[in-house]
Amino acid sequence: MKVTIIGGGIAGLATAYSLLKHADSANIPVSCTLVESAQHFGGKILTELIDDFVIEGGPDSFLSYKPWGVGLCRELGLGDRLMGTNTKHHRTYVLYNGSLREFPEGMVTLSPSQSLPLLMSPLLSWAGKFRLVMEPFIAKAATGGTDESLASFFQRRFGVEVFERLIEPLMTGIYAGDAEQLSLKATFPRFLDFEQQYGSIIKGMLASRRQRMKTKLDTNARLTTFVTLRGGLAEMVRALVASLERIGKEKMLLRTGVKVTGLTKLVSGKNPKYEVKLRSGESLISDAVVLATPAFTAADLLMAIDKGITDQLRYIPYTSTATVSLAYPVASLSHAHSLNGFGFVIPRVENRLLVASTWTSTKWAHRSPSDHVLIRCYLGGVGREDVVFRDDQDIVHLVRKELRDILDITADPALSRIYRWKNAIPQYLVGHLDRLVEIEKRLIQYPGLCVTGSAYRGVGLPDCIHEGDLTAKKIVDYFLDSGLVKQ
Ligand SMILES: Cc1cc2nc3c(=O)[nH]c(=O)nc-3n(C[C@H](O)[C@H](O)[C@H](O)COP(=O)(O)OP(=O)(O)OC[C@H]3O[C@@H](n4cnc5c(N)ncnc54)[C@H](O)[C@@H]3O)c2cc1C
């Protein structure tokens, strides 16, 4: 069975890894080719080791309570490379009228279930605090679980002030999106479930915490909420590639610098064949094809097969962002903020170009030499993309100005690195899940043809890994059901 996987980001690599596993247990002979247009694997995962700094250009960590990221690392033998966040200095800050205030405990998980610190917080007016504590008494939506925007849902539940000052900046960080447009169901469905089941988010959070404590379900309880790998997330990519090469041998061919330019269906019927055309002029005839590219690339490639799928995929917009890492000698920061936490977020209502900043060398060990600090800043996102495409000098100037205003850092950075991510983060707009149903309905007509990756059911690394695994299972099931393989 010949399988072609297009795209060697985490989703494509995880699909390939799971495919070999599941095909092996089902005794299906597969021959898989994974083609990646860039010169390296990993897609958005990009770690640079510069002097003694570990600099992440893209993702810097992943959630441990979604088990698929930690699980894959352990399977790959990276269990003892997993590293949690600093447990001593774990404060997070939020910008409030130009100065940093500590983020109230409990809000980081997007729930004010620990209401006391929130009620003491100077971040909210008395009216805002009153509205917050009224949340359990706010009736649930009469529409009964239909999709709505994050802004509409959280303002309805907690009021405008809590939303603008505390909830919105956290969400912007994750999706770089506009809360007025992002789908609650596709991004944070848990909160909709809480409303439906308990009539309140606060009640739902409390109930879920009680449940967790009772059943000790949290298998990764010893890990911090976010984890990373000691030498950066590229360790996961390298281990995946090495494992595919080792297990794969003749079953797996990994190719970089190979761009797919076209896709057609050659044979119709129950067991079609697909032709994957490469820029070099070569063709890969395949029984199954996985498009693990951004949705807009999948849209272009699927045009010749089904324009309906292309149209649906094009409705998934993307936004552009940039990360800027700056290193400073510790001695040069004597009058500056002490960087005693994970960093800060900036609500949109503050009207700044900077979106957030991680104090990398405080949040994680082994990120910089002990006589330096490393700070990572985020720019761009929906409505603020222009800044991403300014020239390097402008961007560093802008970020340094923001750090001077907010943290009082005036020193020259010892090192600066800019990573631009054009059309990198998919936006799950209201109705996103209905769109996925449409796409899946159409894809059923093309056995062996799948789309996977961050455009669909989660942008985080664990979700992409999980999606890859489900995609691999789907292909193996198709091979088993198709009668193509004699059992
Ligand atoms: C700045 C930034 C910070 C982030 N931070 C985090 C974080 O801290 N934690 C977290 O969990 N997630 C984070 N994310 C999200 C996460 O990194 C991505 O959602 C995830 O890496 C996407 O993986 P993917 O495989 O779906 O897509 P990609 O990584 O985009 O991979 C797709 C691959 O397809 C290839 N390709 C495209 N077209 C073709 C073609 N025609 N032929 C062949 N190959 C092709 C591309 O070159 C690419 O390598 C972040 C994202 C960004 C941009």
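Trainee: Which residue is the bridge partner of Tyr96 in β8?
Mentor: In this predicted model, the partner of Tyr96 in β8 is Ser99.

Trainee: What makes β7 and β8 count as paired strands?
Mentor: Two strands pair if there are at least two bridges between them, and 4 bridges join β7, residues 91–96, to β8, with the two strands running antiparallel.

Trainee: Why is β8 called an edge strand?
Mentor: The open sheet has 7 strands in the order β8-β7-β16-β17-β18-β15-β19, with mixed pairing. Both β8 (99–102) and β19 (415–426) pair on one side only, and they are the edge strands. On average, neighbouring strands of the sheet are turned by 20 degrees against each other, if direction is ignored.

Trainee: Which helix packs on this sheet, and which strands does it touch?
Mentor: Helix α14, residues 392–407, packs there and touches β7, β8, β15, β17, β18 and β19, while its direction makes about 65 degrees with that of β15.

Trainee: Why are α2 and α16 called roughly perpendicular?
Mentor: Helix α2 (residues 67–75) and helix α16 (residues 461–482) pack at an angle of about 75 degrees, with their axes 7 Å apart. Angles of 65 to 115 degrees count as roughly perpendicular, and α2 and α16 are therefore described in that way. Their contact is made by Trp68, Gly69 and Leu72 of α2, together with Leu461, Pro462, Ile465, His466 and Asp469 of α16. These residues divide into 5 nonpolar, 2 polar and 1 charged.

Trainee: How do you know that α11 is mostly covered?
Mentor: A residue is buried if 20 or more other C-beta atoms lie within 10 Å of its own, and in α11, residues 295–302, this holds for 6 of the 8 residues, so the helix is mostly covered. The buried ones are Ala295, Thr297, Ala298, Ala299, Leu301 and Leu302, and they pack against β11, β14, α12, β19 and β20.

Trainee: Which residues have the most contacts inside the largest nonpolar core?
Mentor: That core has 69 residues, and those with the most contacts inside it are Ile6, Leu13, Ala16, Leu19 and Val289. Helix α1, residues 10–25, gives the most to this core, with 9 residues.

Trainee: What does Val289 touch, leaving out residues up to four places away in sequence?
Mentor: Val289 touches Thr4, Ile6, Leu263, Tyr274, Val276, Gly448 and Leu449. Apart from this core lies another, of 66 residues, including Tyr93 and Val373.

How values were computed. Residues numbered from 1 in each chain as written. Predicted model: local features only at pLDDT ≥ 70, side-chain atom pairs only at ≥ 80, totals over all residues. Axes fitted to C-alpha atoms, helices over the stretch in contact; angles between N-to-C directions. Parallel < 35°, antiparallel > 145°, perpendicular 65-115°, else oblique. Contact = placed C-beta atoms within 7 Å. Nonpolar A, V, L, I, M, F, W, Y, C, P; charged D, E, K, R; others polar. Core = buried A, V, L, I, M, F, W, Y, C linked by C-beta atoms within 7 Å. Buried ≥ 20, exposed ≤ 12 C-beta atoms within 10 Å, placed from the backbone.
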